[in-house]
Amino acid sequence: MGLTIAQKIIKDHMVSGSMEPGTEVALRIDQTLTQDATGTMAYLEFETMGIPRVRTELSVAYIDHNTLQSGFMNADDHRFIQSMAKKYGLKFSRPGNGICHQVHLERFGRPGKTLIGSDSHTPTGGGIGMLAMGAGGLDVAVAMGGGAYYITMPKMYKVNLTGKLRPFVTAKDISLEILRILSVKGGVGAIIEWGGPGIASLSVPERATITNMGTELGATTSIFPSDEVTRAFMEAEGRGDQWIPLASDADAEYDRIIDIDLDTLTPKIACPHSPDAVVDVASIAGTKVDQVCIGSCTNSSLFDMLKVAALLKGRTIDPSVSLSISPGSKQVLTMLADCGALTDILASGARLLECACGPCIGMGFSPNSGGVSLRTFNRNFEGRSGTKDGQVYLVSPETAVAAAVFGKITDPAELGEMPQVTMPEKFRIDDSAVIEPAPESEAADVEILKGPNIKSCPSGEPAADVIDAPLTLKVGDNITTDHIMPAGSRILPYRSNIPHLSQYCFEVCDPTFPERAKAAGRSIIVGGENYGQGSSREHAALVPLYLGVRAVVAKSFARIHAANLINAGIMPLTFENPEDYDSLNQGDELRLSGIHEGMKNGKIILTDVATGKECMLKCSYTERQQAILLAGGLLKYVAKENS
């Protein structure tokens, strides 16, 4: 039997395990990336390991999230990360150089390589044929130290594209269509490979949009072949010598095949508050729009921005709309300026923002109260924009421009004829904002600079055989890491200060939870389906750990969050009978028993102490994960292994 693209890369990088779906695989990691919202904690964890130098082929520390320096906290974190990069052998991408995924695609990504990043949209790298996966910061720290990255061997899905996109129908619409088909949990446990004759007409930026949005499916990652389109992109970036061809075998087998006809695809829009709440733009045309944001790691490439500039040229945005533009990198911004496209954008009345994540993570440019905001981003979770009652829709750049011009949701075809956009054969190469590390011979003399906002990581407890604890919070389905640990300009500066950050835990769901959890000392959380979807932020596990959470019982978990819970020393457990969820209530006194034996056989008993009612919980921990939980978390496990 032939192999898929992902299976070929996994086979070449396998340290241990089997390619049998559902079994654990350990992978050698070639590259890592971090960003500043998750990076500070990752580097504190790396420092704790006592390893003198990163052992990957390439590791890059990006500053792209917390660029709003309204106090000393973000600036201190940036200084700390830069000093860590200098000492331990990482490249450091300065604030303003761009969003990690866009810059990594431009300057560092290579077909056939493995990449993990402490950001859930790291699968963007699949647009050039990388096996690129989001991970918790601690997993990234271990990989930087030369350790393997462990995943459950995924199933393989194939999406066959036929036909060709019509004017005003885009790669973003393909992404929204697959979300409509599969939902935000339809890709869990799978790698999605894109193929078929329709991919030949998709540029690398378009492919990267699709693999970026694959994260919202819950997929392990998404990947395209590395073909002549990929080679042209890498040659334009001056990296043609790093290109290799990569394709699946003709007789490769897939667990599921999905066909999408690009000839019949129409402009799509995801309605509040989920990326899979997808309908045709035409079906809600006429809805008043207050704000439009174009950018983010999903749609901030030069290709996207040139289309936006061409559509805005000679036009003025509606007086009632506020339009922001966030180029994805310094390269994109300077090339827009060089060719005059930036002038066309600014002349329309748009506001130019920094080359950073910005509004996507609630870092500025929040909509007005109850405002309708159309965004070319990847997530529209409730409150993520920074405005609790903001109504956020996800759209393509073309649909975003139409809304900004007409002041309402509009089929982008109403803009008239789509201008022809031609990509340059060579991109403007300037890596001056990427700072090289100190030579290894000088590393010992580099001082690590820590500000007062940087606190140590919380430490887990070895899993006891019996846990008695109250149920301090019960939540529903599709709880995101934004629910557990919100983002935004008010909170993000404290990502390196877990004690301060803890007061915001589950603020969106129940602002009284932190106080209740602290009073309990140790506690249990109960959730519904797809618990922990969204961002890879390990803070959504570390903060509950600090607040005394010892187990989370849910109907199902998102992949990265379940791994982060185990790494922190918190047990993720699922109901054997999902109906048992209904019998539990906040405030119940619960007992988990037979934990040590249950970790081995996959069954742990949950008892309601007051009523004596029992329900069976499932777990499927590998021997390594059992050892991590029994040690009290991955850091303690690594320390024990290295002692």
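This is a predicted model: local features need pLDDT of at least 70, side-chain atom pairs count only at pLDDT 80 or more; totals for chains, interfaces and linings use all residues.
Q: What volume does the largest pocket have?
A: Its volume is about 1,000 Å³. A pocket is an open set of points on a 1 Å grid over the protein atoms alone, where a 1.4 Å probe fits, with protein on both sides within 12 Å along at least five of seven lines. The volume is the space filled by probe spheres set on the points, which are joined across faces, edges and corners.

Q: Which residues are closest to its centre?
A: They are Thr152, Phe557, Arg559, Ala562 and Ser620, out of 39 lining residues; a lining residue has an atom within 4 Å of a point.

Q: Which element gives the largest share of that lining?
A: Helix H17 (559-568) does, with five residues. Helices (H or I, at least four residues) and strands (E, at least two) are DSSP runs numbered from the N terminus.

Q: And the second largest pocket, what is its volume?
A: The second largest pocket has about 830 Å³. Its lining holds 30 residues, with Ser201, Ser203, Glu206, Phe303 and Val421 nearest the centre. Helix H8 (228-236) gives the most, five residues.

Q: Changing topic: what is the strand order in the open sheet of three strands?
A: The order is E1-E2-E8, with antiparallel pairing; two strands pair if DSSP finds at least two bridges between them. Strand E1 (14-17) and E8 are at the edges with a single partner strand each, so one side of each has no neighbour in the sheet.

Q: How many bridges join E2 and E8?
A: Strand E2 (residues 24-27) and E8 pair over four bridges. Alanine 26 is opposite tyrosine 150 in E8.

Q: Last one: is helix H12 mostly covered or uncovered?
A: Helix H12 (residues 397-406) is mostly covered, with nine of its ten residues buried, that is, under 20% relative accessible area with a 1.4 Å probe and protein chains only.

Q: What do those buried residues pack against?
A: They pack against strand E15 (291-294), H9, strand E16 (322-325) and strand E18 (372-375), where contact means heavy atoms within 4.5 Å. Just after H12, glycine 407 takes a positive phi of about 80°.

Key
Residues are numbered from 1 along each chain as its sequence is written. Side-chain values use heavy atoms; hydrogens and water are left out. Buried means under 20% relative accessible area, exposed over 50%, partly exposed in between (1.4 Å probe, protein chains only).
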